[in-house]
Amino acid sequence: MQLHIGVIRGDGIGPEIVTEAVKVLNRVGEVYGHTYSFEELLLGGASIDVHGVPLTDETIEKAKSCDAVLMGSIGGDAKTSPWYQLEPSKRPEAGLLAIRKALNLFANLRPAVLYDELKGACPLKEELTEGGFDMMIMRELTGGLYFGERKTVEEAGVMTAYDSLTYSETEIRRIAKRAFDIAMKRSKKVTSVDKANVLDSSRLWRKVTEEVAKDYPEVTLENMLVDNCAMQLVKNPKQFDVILTENMFGDILSDEASMVTGSIGMLASASLNETKFGLYEPSGGSAPDIAGKGIANPIATILSAAMMLRFSFDLDKEADAIEKAVDLVLKDGYRTIDIMSEGKEQIGTAKMGDLICERIQ
């Protein structure tokens with residue numbers, strides 16, 4: 001297969017970790033007979049340095065011409081970087097928000113995986129996580145409270161703020177379908193999270209999700225209130241497969257789930273639109289304090305590349321090979337500094353990429 005992939009190397013540690021992900025993709029191509037054309041794109045601080053703005057129309061158009069985009073971390077040190085002397089609309093993160101909007105990326109995927117080899121980093125009791133866990137949080141990204149009408153006014157001499165939480169049937173249906181499609185590639189269970197005992201938007205969310213579920217008889221649907229889900233994530237995380245939820249709930253729950261895994265350096269993410277196109281990136285930040293030192297953990301970006309193969313190209317076997325290679329490297333005792341523990345061998349960014357490549361057979 002010929003794959004046309006946009007590459008945004010980003011800022012801070014971004015170029016280092018993206019280099020290793022591209023290295024792994026090339027290894028997959030060698031083993032499984034795929035070829036790539038990589039389109040280099042500028043975004044964030046790197047774009048500001050060249051063009052004076054965090055995102056150009058040219059980058060948007062080039063991204064749209066790609067089959068998928070792999071991205072490193074965006075941003076810098078807000079205290080010292082000249083990027084943060086600019087007005088907010090011209091800072092690095094503004095480019096990230098703008099490209100998500102331009103590409104209509106409405107579905108955010110955040111896997112939360114606890115590898116048995118890293119269980120010591122998990123803050124939960126070992127009996128709750130024995131054998132590890134593997135869940136996918138599917139967050140609606142372009143609707144809800146964050147995008148509703150808002151205003152702050154003075155009423156009867158009192159300042160009063162309003163935020164509107166709005167969802168249409170169409171918005172709910174498209175994210176629900178994507179969640180069920182992904183569940184079909186996993187353990188075939190969807191937990192739809194809402195607050196249907198209070199909110200009209202959640203009652204509509206539950207109604208539409210139950211309608212979509214009828215088209216997926218192989219997938220089990222469970223409805224769960226958001227407060228209960230927050231509790232269950234720390235009480236029994238192994239019960240979850242795909243968690244489907246709206247924007248604000250997903251924002252909160254995905255951060256909780258990432259903390260439960262113990263290391264954000266291991267967590268991939270993806271943002272998808274209504275086609276097979278997606279933007280794939282690590283969940284962590286640009287870590288400017290360690291940029292250029294060759295010690296950053298590239299695994300989250302490498303696993304993001306595996307997600308790209310799985311969800312944009314339906315190359316499940318190739319994605320499995322990357323994920324298995326990561327597991328084998330961890331089993332063999334190799335660690336970057338952020339996940340280092342006693343008795344293991346500490347290695348750098350490039351070495352981690354090399355070892356993962358060696359185990360893709």
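So, how many cavities of 30 Å³ or more does the structure hold? It holds one, and about 50 Å³ of space lies in that largest cavity. By cavity I mean a set of points on a 1 Å grid over the protein atoms alone where a 1.4 Å probe fits but cannot get out. A volume is the space filled by probe spheres set on the points, with grid points joined across faces, edges and corners.

Please keep in mind that this is a predicted model, where local features need pLDDT of at least 70 and side-chain atom pairs count only at pLDDT 80 or more, while totals for chains, interfaces and linings use all residues. Residues are numbered from 1 along each chain as its sequence is written, and side-chain values use heavy atoms, with hydrogens and water left out.

Back to our cavity. Its lining, meaning residues with an atom within 4 Å of a point, includes L165, Y167, W205 and F249. Strand 8 (189-194) and helix 7 are the elements that give two or more residues to this lining, and helix 7 has the largest share, with three. Helices (H or I, at least four residues) and strands (E, at least two) are DSSP runs, numbered from the N terminus. By class, the cavity lining has six nonpolar, two polar and two charged residues. Here Ala, Val, Leu, Ile, Met, Phe, Trp, Tyr, Cys and Pro count as nonpolar, Asp, Glu, Lys and Arg as charged, and the others, Gly among them, as polar.

Let's stay with helix 7. It runs over residues 200-213, and its 14 residues reach 20 Å from first C-alpha to last, close to the 20 Å expected at 1.5 Å a residue (that is 1.5 Å times one less than the number of residues). Which residues of helix 7 are buried? They are S201, S202, W205, V208, T209, V212 and A213, where buried means under 20% relative accessible area, exposed over 50% and partly exposed in between, with a 1.4 Å probe and protein chains only. These residues cover an arc of only 140 degrees around the axis, so they sit on the same side of helix 7; the arc is that of the directions from the helix axis to the C-beta atoms.

Now the pockets. A pocket is an open set of points with protein on both sides within 12 Å along at least five of seven lines. Helix 4 supplies the largest share, six residues. By class, this lining divides into nine nonpolar, twelve polar and eight charged residues.

The second largest pocket has about 350 Å³ and 16 lining residues, of which V113, D134, R186, R310 and E323 lie nearest its centre. Helix 10 gives the most, with four.

Last, some backbone details. A287, in the loop between strand 12 and helix 10, has a positive phi of about 40 degrees although it is not a glycine. D314, in the loop between helix 10 and helix 11, has a phi near 55 degrees, again a positive value in a residue other than glycine. A287 is partly exposed at 25% relative accessible area, and D314 is partly exposed at 41%.
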